[in-house]
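This report looks at one protein model and goes from whole chain to single residues. Please keep the sequence and the structure open while reading.

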Amino acid sequence: MIRLILQRLLWALPVALGVVTITFITARLFGGDPTELFAPPEATDELRAQIRERLGLADPMWMQYLRYLADVARFDFGISFSTNQAVSTDLTERLPATLELGLTGLGLGALIGIPLGVFAAVKRERVPDFLVRGFTLAGMALPQFWIGLVLIWIFFVTLGWFPGPVGRLPIEVRPPEPITGFMLIDLALLGDWSSWRLALWQLVLPAVTLAIASMAPIARVTRASMVEALQSDYIRTAVAMGHGERVLWFRYALRNALLPVITLIGVLAGNVFGGAVLLESIFGWPGLGQYALQAIEGSDFAALQGFVIYAALLYVITFLLVDVLYIVIDPRMRHA
Amino acid sequence: MSSPLLEIEGLSGSFRSPNGALTPVLHDVSFAVPRGTVTAIVGETGSGKSLTALSILGIQPPTFQRSAGRILFDGRDLLTLKPEEMRGIRGRRISIVFQDARAALNPVFTVGRQLADVHRLHHGGSASRAMKRTIEALRAVSIPEPERRARQYPHEFSGGMAQRAMIALAALVCEPELLILDEPTTGLDVTIQAAIMELIGDLVRERGLTACLITHDLGVVAETCDRVVVMNAGRVVETGTTEAIFTRPRQDYTRRLLAASQLGETPEMIEA
């Protein structure tokens, strides 16, 4: 099993190389001439040539490509215009914010969605099933940002139960020096429990938004997959041997039904990590998505390119995890 | 002699199609399985023999709708039991060996774990004791290296080995009063079929089991069974001792079935 996992890990390398290469080509094809960003409008051709020389744009393409690969391998994506920091520093600062929101939201979505799907499957074609299906259809039809706005309107504007969408901490609270970068973990490590509670409260609305949006497809896929598992021969055997319903559903059927659910969660996670742009913008969440949006608005190519590579690598890592989970859950995969 | 362990009386029913139309499949099926005997239910595919067997345990397909009949087990009508009561019967008192054992075992749990789970369900005790008993059961059905085999998954078993494990589960881990065998050798190689039937015969004789063998293979019946119930198109055609059925069949259908199994191929069997 370990060997198989290492094998998958090796496979991720060419995928990552492909992503990096495509990013390079795309930037050269559609990125425009970066010289224009540095040169004043009245610059002479001589000055432009000098700028091109300095930026390395005068070199042949393959040389630029190799230099670019070397930079990427060192996680050097250049300097961002808007923050004047190394792009990799920016991204590393923002990554934990996105992960914290994504993992909480998706975790919550799975925690509710999977049991809901199981419940609908075992009550198939009866009232609870219709309720779950109607509810999840609505959840899938509604755009995530709209769910977020409605939650803000109800729970912040109207009821005042939760704080406003101003990011990871209330404005008056000074963020701690990052240790892991995960706000809740850092504050817990520092033992600053009053700020910890405030940070948790900030996290609730965006995480619930993500949970609602992800719970719906998770519940639907779980239901479909469970219905199939419950009709299988091995469940009939387990019934015939006298097992109770809970063992049948949660031990024997669910483990078989989980594979498509895990794939789906992987896709959802990839989307969130690759920049839940709208979600982060609505809640002022200082994550990768918000950074990407600012980079686009400011024509910050270095930042954008760094973001694309980060997002793609996160995607690759996510699916690597999905593959590993497959191998752990389904013994048949170990021999494939 | 005491009353039969199992009596099926006037079982009738139909399959309901999605549009609500009913197709009758069982017509007034009645037969008895006396204690300590092996009773065969023979018939071609579609004769209703498997459906009848699955109905005993209440695991018939959900589209089957019973219209009449009783299934008396040890004097109680199983069809009137509450779900919890029925669960107390399943595995503990009536158990079943299915046709395709590799599909009948759960693909994502080890074979040992599945058997041990059932052992703990019926006999309690610790997980390690259940696993010990499971390995003993696997050894009793002549699975080589049972300790190693118990740690393997169903897809690592051949069809014949999986069927041995299934028999260990249904007959030895469960220790039922009535063992149902639903086409236990169908789909296996001929030599494996013979070995599995020999195993079943040995278990039945050694442990004095009451068993109900569903099969379309009359050759198997002659060696193993005491009594035979012949079914055709959802009806019981003839019942009797194995000797009577084989030497003095009264019904034309039984005669044709006998002739078919001896000749190997006749139109009826090919159709089936």
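This is a predicted model: local features need pLDDT of at least 70, side-chain atom pairs count only at pLDDT 80 or more; totals for chains, interfaces and linings use all residues.

Residues are numbered from 1 along each chain as its sequence is written, chains are lettered from A and ligands numbered from 1 in the order in which they are written, and side-chain values use heavy atoms, with hydrogens and water left out.

**Chain A as a whole**

Chain A has 14 helices and zero strands. Helices here are DSSP runs of H or I with at least four residues, strands are runs of E with at least two, and both are numbered from the N terminus. The C-alpha trace of chain A spans about 85 × 55 × 40 Å along its principal axes. Of the 336 residues in chain A, 44% are buried; buried means under 20% relative accessible area, exposed means over 50%, and partly exposed lies in between (1.4 Å probe, protein chains only). Taking contacts in chain A between residues at least 6 apart in sequence, 72% join residues at least 24 apart. A contact means heavy atoms within 4.5 Å.

**Two domains in chain A**

Chain A is assigned domain 1 (2–73) and domain 2 (87–335), with bounds that come from an automatic or database domain assignment. The C-alpha centres of these two domains of chain A lie 33 Å apart. In the contact between them, 15 residues of domain 1 of chain A meet 14 residues of domain 2 of chain A. On the side of domain 1 of chain A, the residues that lose the most area to domain 2 are Leu4(A), Ile5(A) and Arg8(A), together 35% of what that side buries. Helix 1 (2–30) and helix 4 of chain A each supply at least two residues of the side of domain 1 that touches domain 2. Helix 1 of chain A gives the most to that side, with eleven residues.

**Chain A against chain B**

The contact between the chains takes 21 residues from chain A and 30 residues from chain B. In chain A, Arg236(A), Ala240(A) and Met241(A) lose the most area to chain B, together 28% of what that side buries. The buried areas of the two interfaces are listed here; buried area is the accessible area (1.4 Å probe) that two parts lose on being put together, summed over both.

| Interface | Buried area | Given by carbon and sulfur atoms |
|---|---|---|
| Domain 1 and domain 2 of chain A | about 1,300 Å² | 82% |
| Chain A and chain B | about 2,200 Å² | 63% |

The count between chain A and chain B is one salt bridge. Asp117(B) forms a salt bridge with Arg251(A), with the closest N and O atoms 2.8 Å apart. Helix 10 (233–240) and helix 11 (245–273) of chain A are the elements that give two or more residues to the side of chain A that touches chain B. Helix 10 of chain A provides the largest share of that side, six residues.

**Single residues**

Asp77(B) sits in strand 5 (residues 76–77) of chain B. Neighbours within four places in sequence aside, Asp77(B) is in contact with Arg70(B), Ile71(B) and Leu72(B).

Most residues other than glycine have a negative phi. Phe75(A) has a positive phi, near 55°, and lies in the loop between helix 4 (61–73) and helix 5 (87–122) of chain A. Phe75(A) counts as partly exposed because its relative accessibility is 39%. Ala233(B) also is not a glycine and has a positive phi of about 50°. Ala233(B) lies in the loop between strand 9 (227–232) and strand 10 (235–241) of chain B and is partly exposed, with a relative accessible area of 46%.

Methods. A salt bridge is a side-chain nitrogen of Lys or Arg within 4 Å of a carboxyl oxygen of Asp or Glu.
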